[in-house]
Amino acid sequence: FYRLAAIDGRVRRDGPCLENLGWYDPREQDSAKGLNINEERVKYWLSVGAKPSETVEDFLAKRNLCGLKAWEARRSQRRKDVEARIAAAAAAPAKEEKK
């Protein structure tokens with residue numbers, strides 16, 4: 001069970017939250033019942049510059065609360081980064097064998 005919260009980025013990880021924005025229960029079978037988001041407050045925090053984590057950004061994009069084009073661009077970039085790391089890892093042993 002996870003809380004979705006607005007947190008000041010300048011405080012420690014487990015520091016106080018500015019506002020609770022909802023919750024997520026990954027064990028809930030029905031995805032509609034497993035996620036509760038205060039959409040009005042999320043829109044406010046995004047408008048004043050809050051940056052959601054990748055996971056929360058996925059939740060927000062599914063509910064059309066953040067720019068879908070920007071979300072798709074970031075998701076595409078993350079996919080390219082992962083593919084590049086996989087390719088680099090696959091090429092690394094081949095370089096060691098040449099020595």
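The legends below describe close-up views of a predicted model.

Residues are numbered from 1 along each chain as its sequence is written, and side-chain values use heavy atoms, with hydrogens and water left out. Because the model is predicted, local features need pLDDT of at least 70 and side-chain atom pairs count only at pLDDT 80 or more, while totals for chains, interfaces and linings use all residues.

**View 1. Overall arrangement of helices and strands in the chain.** The chain holds 3 helices and 3 strands, which follow one another from the N terminus in the order β-β-β-α-α-α. Helices (H or I, at least four residues) and strands (E, at least two) are DSSP runs, numbered from the N terminus. Of the 99 residues in the chain, 19% are buried, where buried means under 20% relative accessible area, exposed over 50%, and partly exposed in between, with a 1.4 Å probe and protein chains only. Among the contacts with a separation of 6 or more, 23% are between residues 24 or more positions apart, a contact being heavy atoms within 4.5 Å.

**View 2. Pairing of the strands β1, β2 and β3.** Two strands are said to pair if DSSP finds at least two bridges between them. β1 (2-6) and β2 (19-24) pair in the antiparallel sense over 5 bridges, and within this pairing A6 stands opposite E19 in β2. A6 also touches C17, L18, L21 and W45 as well as E19, when residues up to four places away in sequence are not counted. β2 and β3 likewise run antiparallel and are joined by 3 bridges, with L35 in β3 as the bridge partner of Y24.

**View 3. G34 in the loop between β2 and β3.** G34 lies in the loop that links these two strands, and it counts as buried because its relative accessible area is 3%. Its contacts beyond four places in sequence are with W23, Y24, D25 and E28. Between G34 and W23, which are 11 residues apart along the chain, the C-alpha atoms are separated by 8.0 Å.

**View 4. The largest nonpolar core.** A nonpolar core is a set of buried Ala, Val, Leu, Ile, Met, Phe, Trp, Tyr and Cys residues joined through side-chain atoms within 4.5 Å. The largest one has 12 residues in all, namely L4, A6, L21, L35, I37, V42, W45, F59, L60, A61, L65 and C66. Two or more of these residues come from each of β1, β3 (35-37), α1 (39-47) and α2 (54-62), and α2 gives the most, with 3 residues.

View 5. I37 belongs to strand β3, and it is classed as buried because its relative accessibility is 8%. Leaving aside neighbours within four places in sequence, I37 is in contact with L4, L21, G22, V42, F59, L60, R63 and L65. One of these residues, L21, is 16 residues from I37 along the chain, and the two C-alpha atoms are separated by 6.0 Å.

**View 6. Helix α2 and the residue that follows it.** The buried residues of α2 are E57, F59, L60 and A61. E54, by contrast, lies in α2 and is classed as partly exposed because its relative accessible area is 48%. After α2 comes N64, whose phi is positive, near 55°.

View 7. On a 1 Å grid over the protein atoms alone, a pocket is an open set of points where a 1.4 Å probe fits, with protein on both sides within 12 Å along at least five of seven lines, and lining residues have an atom within 4 Å of a point. About 670 Å³ of space lies in the largest pocket, where grid points are joined across faces, edges and corners and the volume is the space filled by probe spheres set on the points. Of the 27 lining residues, A5, A6, P52, S53 and V56 lie nearest the centre. β1, β2, α1 and α2 each supply at least two residues of the lining, and β1 gives the most, with 5 residues. By class, the lining has 19 nonpolar, 4 polar and 4 charged residues, with Ala, Val, Leu, Ile, Met, Phe, Trp, Tyr, Cys and Pro counted as nonpolar, Asp, Glu, Lys and Arg as charged, and the others, Gly among them, as polar.
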